[in-house]
Amino acid sequence: MALKDLFTKNQTKKKKYATIPTEAAKSDVPEGIMTKCPTCKKIMYSKELSKNLMVCLHCGHHFPMNAKERIDSFIDEGSFEEINENMISKNPLNFPDYLEKLEKDRQKSQLNEAVVTGIGSVGGHKLVVAIMDSSFRMGSMGSVVGEKITLAIEKADELGVPFVIFTASGGARMQEGALSLMQMAKTSVALKKFSDNGGLIISIMTHPTTGGVSASFASLGDYNLAEPGALIAFAGRRVIEQSIREELPEDFQTAEFLLKHGQLDAIISRLDMVEKISTILDIHQPGGELA
Amino acid sequence: MIGELEFERPVVELRKKISELKEFTKNADVDLSSEIKKLEGRLEKLEQDIYENIKPWDRVQIARLANRPTTLDYISFLFEDFFECHGDRTFADDEAIVGGIAKFNGLPVTVIGHQRGKDTKENIRRNFGMPHPEGYRKALRLMKQADKFNRPIICFIDTKGAYPGKAAEERGQSEAIARNLFEMAGLKVPVICIVIGEGGSGGALALGVGNRIYMLENSTYSVISPEGAAAILWKDASFAKNAAETMKITAPDLKELGVIDAIIPEVKGGAHKDVQKQAEEIEKILSASLKQLLKLSEDELISDRYNRFRSIGEFALINDLIGVK
């Protein structure tokens, strides 16, 4: 008997056509009403999930949050005032299809770019905030993202208030080439100036924070914080696995991995975010005196 | 022959033919001098045609040549009394970055650069010029020392990128790069950066926050390698040649984008053809640029560097454009 005959049973069982379940079928529920948690696989009402700040009611998994949801959940109600919202990208390298992709994402995300910046308050403390949104070009940093963040840092410097940034980014925006690389330097030199003037920088890394963003402002906080389970990395896992052929631990490049290796001050659940950030801001309030 | 590339093959072949003819006339009793002269005229024109129209992909090949001069090659031609300093004082000495103190035409300076190997053995030792966090931390330590003793800093950039590996991530590759960008912004001494080979993304930029940034004519500076860009854009790394053109990674491209201050001309065919002559070209620009920067006060140097990077980037305000909501 030939070796391959051993496998005839498997061959007859083989389906003629592969059936690919749709995303909707996979979650077994009509889209929109219910959401399935990718971690614990439990199903919950989308409305309840949203009310719980997009944190799984069962296991605490943090779903991605868009910029608007973040502002609503983090900034004191009615205090947010957006700045530089009318800035949009050009196509400096004449990169094929770039403008079309931008327009598509503008429609999809209802944002002009991958970061929203503004002035507001948290727990009554005034601050300048920058919130990245990964639904726009994976939150990648091109000239506009770099410029808006730099302008926000300069605004915080001018007002003498803390600068808080929520990062979410796949890295530098390839379509803007070296110009996007240089935004890493631009934002970093602005942070240095702000820091030398005594400015407080708080960086909160959310899922995912990688590449050029992770290797610039995201890592430059006086306090480097992260949401649970967030992917935070310089080089992607697949890049490392393929080029280096090293075996990687399961929690590799998660917030928990970074905390263990001394790269973070703390991991903060989204449900505690306002309280914890308010505490830091409060301690930094000038004029504290020994009672 | 080592160091000869596809695009320059016509030149190499013609040159070979001429020398064959010369050899032949030496031994045979014929006079071919007029033919040789004609061929030499053609060679000159051919060289001009080829070397003055080097395509981006050819420059990538030149920048990656194994025998392209490295940081240590230039250090030996440009500086006296180079004293190398090792280690980041925290974890290790990363030999993918070299640095130390030296004199440049009598002026004490600190020199730092990526260092790749020229053969496999040296490349393994130097991790192919791809630094770990401790390499960047060593560089920062030396920069802070230069700041303390008021020495200008000269950085040579030549890396495919920061090393993507498990150990590098554990020790904070991102933080190490970010910290250098941040701290370089505050240095009170002149900082001059020269891209001599490949300038690969954040790993290159971590030595690149200078008052002046120069590129050798055939070097590249990019956010991602042409292969990487091709894999993402066309799902096929073999489109690297197209990506090299699209991504605008050559010295002339970056000059036009306002990322670099000037291009340092290369010896015909590439720096590897005559290292000494190439070092002389670098010396000219280094000397002129130092003379300028040494006139600036500490505050002026910091704001000069700030303004240099502050102005990079292209964007529009939505009212400028028609057809966007």
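Helices (H or I, at least four residues) and strands (E, at least two) are DSSP runs, numbered from the N terminus. The model is predicted: local features need pLDDT of at least 70, side-chain atom pairs count only at pLDDT 80 or more, and totals for chains, interfaces and linings use all residues. Residues are numbered from 1 along each chain as its sequence is written, and side-chain values use heavy atoms, without hydrogens and water.

Ser121(A) lies in strand β5 (residues 115–122) of chain A. Its relative accessibility is 14%, so Ser121(A) counts as buried (under 20% relative accessible area, with exposed over 50% and partly exposed in between; 1.4 Å probe, protein chains only). Leaving aside residues up to four places away in sequence, Ser121(A) touches Ile75(A), Asp76(A), Ser79(A) and Lys126(A). Contact means heavy atoms within 4.5 Å.

Chain A holds eleven helices and eleven strands. Of its 291 residues, 51% count as buried. Among contacts in chain A with a separation of 6 or more, 66% join residues 24 or more positions apart.

Helix α7 (residues 177–196) of chain A packs against helix α14 (residues 298–310) of chain B at an angle of about 140°, with the axes 8 Å apart. Axes are lines fitted to C-alpha atoms, for helices over the stretch in contact, and angles run from 0 to 180 degrees between N-to-C directions. The two helices, α7(A) and α14(B), are therefore oblique to each other (angles under 35 degrees count as roughly parallel, over 145 as roughly antiparallel, 65 to 115 as roughly perpendicular and the rest as oblique). From α7(A), the contact involves Met182(A), Ala185(A), Lys186(A), Val189(A), Ala190(A) and Lys193(A); α14(B) contributes Tyr306(B), Phe309(B) and Arg310(B).

Note on methods:
Chains lettered and ligands numbered in written order.
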